[in-house]
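My entries follow, in the order in which I looked things up.

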6 protein chains.
Amino acid sequence: MRIQVINPNTTASMTAKIAAAARLVASPGTEIFATQPDEGPVSIEGYFDEALSVPGILEEIARGEGQEIAGHVIACFDDTGLDAARCFASAPVVGIGEAAYHMASLVAGRFTVVTTLARSIPALEHNLVRYGLASRCGGVRAAEVPVLALEDPHSSARDRVSGEIDRAIRDDRAEAIVLGCAGMADLARSLSAEHGLPVIEGVSAAVRLIEDLSVMGLSTSRIGGWASPRRKPLSGRYAVFSRAS
Amino acid sequence: MRIQVINPNTTASMTAKIAAAARLVASPGTEIFATQPDEGPVSIEGYFDEALSVPGILEEIARGEGQEIAGHVIACFDDTGLDAARCFASAPVVGIGEAAYHMASLVAGRFTVVTTLARSIPALEHNLVRYGLASRCGGVRAAEVPVLALEDPHSSARDRVSGEIDRAIRDDRAEAIVLGCAGMADLARSLSAEHGLPVIEGVSAAVRLIEDLSVMGLSTSRIGGWASPRRKPLSGRYAVFSRAS
Amino acid sequence: MRIQVINPNTTASMTAKIAAAARLVASPGTEIFATQPDEGPVSIEGYFDEALSVPGILEEIARGEGQEIAGHVIACFDDTGLDAARCFASAPVVGIGEAAYHMASLVAGRFTVVTTLARSIPALEHNLVRYGLASRCGGVRAAEVPVLALEDPHSSARDRVSGEIDRAIRDDRAEAIVLGCAGMADLARSLSAEHGLPVIEGVSAAVRLIEDLSVMGLSTSRIGGWASPRRKPLSGRYAVFSRAS
Amino acid sequence: MRIQVINPNTTASMTAKIAAAARLVASPGTEIFATQPDEGPVSIEGYFDEALSVPGILEEIARGEGQEIAGHVIACFDDTGLDAARCFASAPVVGIGEAAYHMASLVAGRFTVVTTLARSIPALEHNLVRYGLASRCGGVRAAEVPVLALEDPHSSARDRVSGEIDRAIRDDRAEAIVLGCAGMADLARSLSAEHGLPVIEGVSAAVRLIEDLSVMGLSTSRIGGWASPRRKPLSGRYAVFSRAS
Amino acid sequence: MRIQVINPNTTASMTAKIAAAARLVASPGTEIFATQPDEGPVSIEGYFDEALSVPGILEEIARGEGQEIAGHVIACFDDTGLDAARCFASAPVVGIGEAAYHMASLVAGRFTVVTTLARSIPALEHNLVRYGLASRCGGVRAAEVPVLALEDPHSSARDRVSGEIDRAIRDDRAEAIVLGCAGMADLARSLSAEHGLPVIEGVSAAVRLIEDLSVMGLSTSRIGGWASPRRKPLSGRYAVFSRAS
Amino acid sequence: MRIQVINPNTTASMTAKIAAAARLVASPGTEIFATQPDEGPVSIEGYFDEALSVPGILEEIARGEGQEIAGHVIACFDDTGLDAARCFASAPVVGIGEAAYHMASLVAGRFTVVTTLARSIPALEHNLVRYGLASRCGGVRAAEVPVLALEDPHSSARDRVSGEIDRAIRDDRAEAIVLGCAGMADLARSLSAEHGLPVIEGVSAAVRLIEDLSVMGLSTSRIGGWASPRRKPLSGRYAVFSRAS
């Protein structure tokens, strides 16, 4: 089985870290195909960056579709472009945010999300409401760590995330922690050991869920909001999507 | 005062209709500046079309900003790209969906939305939840009218919309109707007269609300999700946004 | 266009302040007609005062109706008597509480209300739930300032309100502030400048929204809870309402 | 123990019917003291009638207070004036709407309300949300019976109510019925026998709950929204309330 | 009238305390029949203890049914086994948790629950959501007092509960307190006097509500989730329930 | 890896069917260990049956724990005893109801549940609210098929389920179907093919999720409601649980 893991930003070191997290949990026989867009923001920090990353995500899906893919993972915790991707892709698509929330719900009655910057909190809160899991969430906390600081081994990023976990246990009655950025994928196991509660990161969760859907024979419903796009004339930079529209 | 009204699709006849609805309610002295993107879908019918229209919307905002604009209206009922536009624009931005819902709340305890295609219902429902006004909504109904059929005077579009209004009054306990597509802007007054209840279309509502914000001296908060984008290297098709990032 | 702005309490200095706020944003050609009941409480601080102010509000509406009014503003932040007024009045009625919440929703994802006394918090929370906008509200805070202290230039009222705004930004993740009393109408602009975020007061918002409804040709739906009152025999102190009943 | 049961409208035959329902469940030793205002609407059908009945309710409470009362029942299903009455009265106050909802919750997972006119539905729905019990309610249905038709033995009122109960069982998955008007108090037992499910009317429920509170030594909290009114100058028609204000 | 009050744990001193609380409010002529299971946990502290107490509760109900019982009270604040008991019992069943919440709602807009151990908080929160009264609850606090410490006059249990009440008033805007354990039944009146707000314990509330239902002629609806169990072969330890199944 | 799949009722043919569904999706190297209690109801149809099945479920977990189990699946769609099982078991526990809901959320914006008897609907609705996924559910429908009719190849069970799916698509805007009984596990693929939308059954979903948790190294949080039971004296039929208590 081939799974495409799309890093929606253009930072190659993050793609590598994400791919490593994916491979750690992939079943024997599953091939992880990690990609990133050619153009777009170097990191996704808020709605504006999200918007600029979506065309690139869709292009990566178009690129991946030629390769007998079992499913696509969108490896930005905001689940950027997830709806459009589900409409467009033939195979299932799972976002790492939703994946982490669903998995966390199986091991904890209540989880807190620790993300990078405060400006991302509203988008995550809206996702939680939309997915239906807001009532399971004790809070979304920002460690005030820029995404790319997570790529810098000399930054205080891990310490700041760890400090927010302490506060979540004390103030939010958190029973588990969800790490709110793909760039934190390598921190989950050590933070779990340090704090004595489940720490979930979404890349591994999403890869496993794609495998699950594939084995169970489930794919995106075409009734409702994720119906295949209606065929429309597209030119210029969007001609690449003319298959779908 | 100049207000930019952005039609997010590339169909010029819709831009003209939207501009006319805007001018009908604009105060003396307000100039309506109606625009549309150069590239993108000819109509917005679902999440995939939405995603492809967002870069064009942001480009129109960049284009408008040089012109002493009091505010921007996004004239797609899905409020496509509203969050990104609010981050990016210096002036206030109002979507026609949210504008219609807020106005409807002042004249009706409960309103029903009549939109074009069923595939758009989930996006509108999510917006209603996010805005907080879902509890005021008795239902989102699709007339199963493609957007461009609204541009065709020989289509059955108006009849189908009118039929859904009948059903909304009977089955949803609707006290008012919100028309769920910018292309229906010219139908509001006659449908209101025909059915004997308020019928709200969002273009006029959004234009008025931009005027209100301007007169009241209110602009988008930079605390939280609508903070100005962080400065980032952008190249290729996104170089146009380098001002902001 | 004539707009009647009703101060539901009997304190003339508040009526004057409210009228000034209304005139500041009224369009050229709009006349503000500010009134107050002859009898009732000198300030509205909780449910009991609210109840005693409603007959006076309805009497003011009856008085205003003879004067080609475009709409009525109820200038108490509890939106006292709004439902009864909407049933009774021919023209649209807007409360300053709801007006402020709707406007705040256009410039902030999340707002905090700063009101006078803690006893008023539950009424405001119920309104927020009813209007549907509770999910946009980060909290309702009381500055513990009696309403009439706002009329006294030597009181600490402004300082206390300003202190709550600091706490709202720090503890509620407030992106904007809604001032929860008509008597604070003169403080909005200076508090906004001081704290660097939008501060919305409801009198100006309600006046603008009445203008909007009027220009858009919208009036209260007569289907549902705001249907015109059924005709009933009324005598004694209620004979003044015999037109309606 | 003396319990004051206040019929908020001026129709004496309803007061008598309400008193009879109250006496049916009152404990030995409990005296039912049934009253009605001197002025106000003959029946309460919507927000406007509600507003005009509140001063009369408060006057009745003032009148009742001299009589060693254990508590006051407000016998209008809209729980008209309940908040103001709780602030003003020394003894507990229970509305028949809330009383019926609480009792129904103990014998049914889900209940439907059958009320008189559709115009009353929104007020009842708001109460249900406010009380927190909306999630227990399968629907609020109007039998389209004016309140005073319930006083006319020749009207079709009972048949219409019974027809709505049939629809509630079939379409709402109702497990119990709450009768949504004090004027239906005499119908509960026969409708329960006829339809084979619990039918709850609020007058008896409220009388019992006042007895419960009295025996348990519980009275209205003075922290929060039901704090005693602040002392204020009152004149004219409101001088009667000068004790409280 | 006979009311069976079932202490779901096997600690006889708690049964005695519960019986005393019940008798304090029972009407003249009501006989309190207090029982406890032969086997099961000595106290109920979390879901596992709850599960092991349910068969014993049902056995007590079977035992009580031969005795012309007007209703059964389940005297564990988690309302352990309430649904199964309602299905099985012929007479009404009321849990002390739900009883306390309903009564609290009549004297306070907002109440805080003070329970024993933090592990019980989620179960109480789920009940509040299910009953519909979560919106009335300002918080569920644990005094970190094991249940049996409440039986020890030398423990610090009362002080710890009292401390949480202080925090609830200050931090939760609590207007009343609900005591979250049957073992606290003897503390309500003195804590109310000490803190100056209503303090509700559920045993007395449930006994009164059973009396109310009985006098009103109301019993559990057999439509929906509380339908009588379908007849099934049962053997071994469950043969005692063969009447019902 | 060994996964214990517990059929909570005593019907061996259902255990066999459940085991087959589990093996269909288990990874190579995963051993399915399917068990059922010795005593208890032959099928679980409502709260009373649920209550009687819980001790048996916990005994099966105790029995399974000696066998290096990666996790336990509770194969009743009501997720009977899930909380108690999570407290008690060392390994993760997943219910088939929650598993199906989470998986359905990845392929459909909105799903309808088709279960056996109407009496089970409230329990499923409460689970959906508790899990947080009620907002994703378009309805819970009963096919009015007793559980054991699913074991009878000559019954009309499949036809009735299929008929409800038709109604769900037409009336609920269902985008996917969740089969609401373990006994329907063999119907999912053919019903999906017949109706052209995803049909999810929970046994396979739960088995996959246990595998996922195991590979990801996640286990039940011991903070909060699922803390390990406190040690208590247990005798008689509960002595088997003395390890935990």
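**Entry: buried rings**

I began with one pair in chain B: B:Phe77 and B:Tyr101 are both buried (under 20% relative accessible area; exposed is over 50%, partly exposed in between; 1.4 Å probe, protein chains only). I noted that this is a predicted model, where local features need pLDDT of at least 70, side-chain atom pairs count only at pLDDT 80 or more, and totals for chains, interfaces and linings use all residues. Residues are numbered from 1 along each chain as its sequence is written, chains are lettered from A and ligands numbered from 1 in the order in which they are written, and side-chain values use heavy atoms, with hydrogens and water left out.

**Entry: aromatic pairs**

I searched the whole structure and got 36 aromatic pairs over all chains. Rings of Phe, Tyr and Trp (its six-membered ring) pair if their centres lie within 6.5 Å; planes under 30 degrees apart are stacked, over 60 edge-to-face, the rest tilted.

How are the rings of A:Phe77 and A:Tyr101 placed? Their centres are 5.4 Å apart and their planes stand at 85°, so I wrote down edge-to-face. This pair links distant parts of the chain, 24 residues apart. A:Phe77 is in the loop between strand E3 (69-74) and helix H3 (82-88) of chain A, and A:Tyr101 is in helix H4 (residues 96-107) of chain A. Helices (H or I, at least four residues) and strands (E, at least two) are DSSP runs, numbered from the N terminus. A:Phe77 and A:Tyr101 are buried. I also found that A:Phe77, A:Tyr101, A:Phe111 and A:Tyr131 form one aromatic cluster.

**Entry: charges over rings**

I looked up two arginines. The charged end of E:Arg86 sits over the ring of E:Trp226, 4.6 Å from its centre. The charged end of F:Arg2 sits over the ring of F:Phe33, 4.8 Å from its centre. The test is NZ of Lys or CZ of Arg within 6 Å of the ring centre and within 35 degrees of the ring normal.

**Entry: domains of chain A**

Chain A is divided into domain 1 (2-96 + 204-241) and domain 2 (98-202), with bounds from an automatic or database domain assignment. Their centres, taken over C-alpha atoms, are 22 Å apart. The area buried between these domains is about 2400 Å², and carbon and sulfur atoms give 57% of it. Buried area is the accessible area (1.4 Å probe) that two parts lose on being put together, summed over both. Which residues of domain 1 of chain A lose the most area to domain 2 of chain A? They are A:Lys17, A:Glu45 and A:Phe77, together 31% of what that side buries.
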